Amino acid sequence: VCVRGERMSVLVTGGTGTLGHHLLGLITHSRGEPTSFASLDPIHHRFHSHVRYVNGNLLNYQQVASLLQELRPTQIYHLASQSSVGLSQKEPLETLNTNILGTQNLLEAVRRTVPECRLLLLSSSDVYGPGEGQLDTIRIESDPFRPISPYASSKACMEIIGLQYQRAFGLHVTIVRPF
């Protein structure tokens, strides 16, 4: 969180996806230049003129580290992932690589270049597994992981890696599990 009037540099991984598009639309240029880092260009109707779009791949550590060195972000919203449960069943290796190794590369690059940066890691309620029935299971953060798909397993692993970097290196990592 920034002090009033302080300029910040915000990086959104996966900024060309649906959630990234909405988040980037809320970040104003007046407080700093928001940057999207994604493997795809934005769809025409999802383009924001105040955003800098950078194409790249989180699996390429040098690309990630170079971008962080250049931007020196104060905040990172890590939204990039392979987020389809169905696709994760068909292509589990791609899902695990993207979601786990991509996060590992990002955290390591942050540790080496901008350790004071604040990171938000987007996990998923899928890490809890299925509930007993629709809307009748209340979850708390200490509930155990019970993933039933490669996607859910990758998000559980991403959380563990994020907590490791928080505890071992003092990185400012926040994890959210949307439902």
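**Which residues of α5 are buried?** In α5, the buried ones are Pro150, Tyr151, Ala152, Ser154, Lys155, Ala156, Met158, Glu159, Ile161, Gly162 and Tyr165. Here "buried" means under 20% relative accessible area, with exposed being over 50% and partly exposed in between (1.4 Å probe, protein chains only). Keep in mind that this is a predicted model, where local features need pLDDT of at least 70 and side-chain atom pairs count only at pLDDT 80 or more, while totals for chains, interfaces and linings use all residues. Residues are numbered from 1 along each chain as its sequence is written, and side-chain values use heavy atoms, with hydrogens and water left out.

**View 1. Helix α5 and what covers it.** Helix α5 takes in residues 150–169, 20 residues in total. From its first C-alpha to its last it reaches 28 Å, close to the 28 Å expected at 1.5 Å a residue; the expected span is 1.5 Å times one less than the number of residues. Helices (H or I, at least four residues) and strands (E, at least two) are DSSP runs, numbered from the N terminus. The cover over the buried residues of α5 includes β4 (75–78), α3 (85–90), α4 (92–113), β5 (118–122) and β6 (172–176). Just after the helix, look for Gly170, which takes a positive phi of about 75°.

**View 2. Ser123, in the loop between β5 and α5.** Ser123 counts as buried because its relative accessibility is 4%. Its side chain makes a polar contact with the side chain of Glu159, at 2.5 Å. A polar contact is a pair of N or O atoms within 3.5 Å; within protein, one must be able to donate a hydrogen and the other to accept it, and residues adjacent in sequence count only if both atoms are side-chain atoms. Leaving aside neighbours within four places in sequence, Ser123 is in contact with Tyr151, Lys155, Met158, Glu159, Ile175, Val176, Arg177 and Pro178. Contact just means heavy atoms within 4.5 Å.

**View 3. The sheet, strand by strand.** Six strands make an open sheet in the order β3-β2-β1-β4-β5-β6, with parallel pairing. Strands pair if DSSP finds at least two bridges between them. The edges are β3 (52–55) and β6, each of which pairs on one side only. On average, neighbouring strands are turned by 20° against each other, direction ignored. For Leu121, the bridge partner in β6 is Ile175.

**View 4. Helices α2 and α4 against the sheet.** Helix α2 lies across β1 (10–13), β2 (34–38), β3 and β4, running at about 175° to β2. Helix α4 packs on the sheet as well, touching β1, β4, β5 and β6, and its direction makes about 175° with that of β4. Axes are lines fitted to C-alpha atoms, for helices over the stretch in contact, and angles run from 0 to 180 degrees between N-to-C directions.

**View 5. The largest nonpolar core.** This core has 25 residues, and those with the most contacts inside it are Leu68, Ile76, Leu106 and Val110. A nonpolar core is a set of buried Ala, Val, Leu, Ile, Met, Phe, Trp, Tyr and Cys residues joined through side-chain atoms within 4.5 Å. The elements giving two or more residues to it are α2 (61–71), α4, β5 and α5. Not counting residues up to four places away in sequence, Leu106 touches Thr13, Leu58, Val64, Leu68, Ile76, His78 and Leu119. Apart from this core lies another, of 9 residues, among them Val12, Leu24, Val51 and Leu79.

**View 6. Thr103, a residue of helix α4.** With a relative accessible area of 1%, Thr103 is buried. Its side chain makes a polar contact with the side chain of His78, at 2.9 Å. Leaving aside neighbours within four places in sequence, Thr103 is in contact with His78, Thr98 and Met158. Thr103 and Cys157 are 54 residues apart in sequence and 9.6 Å apart in space, C-alpha to C-alpha.

**View 7. His21, found in helix α1 (residues 18–26).** His21 counts as buried, at 14% relative accessibility. Residues up to four places away aside, His21 touches Gly15, His45, Arg46 and His48.
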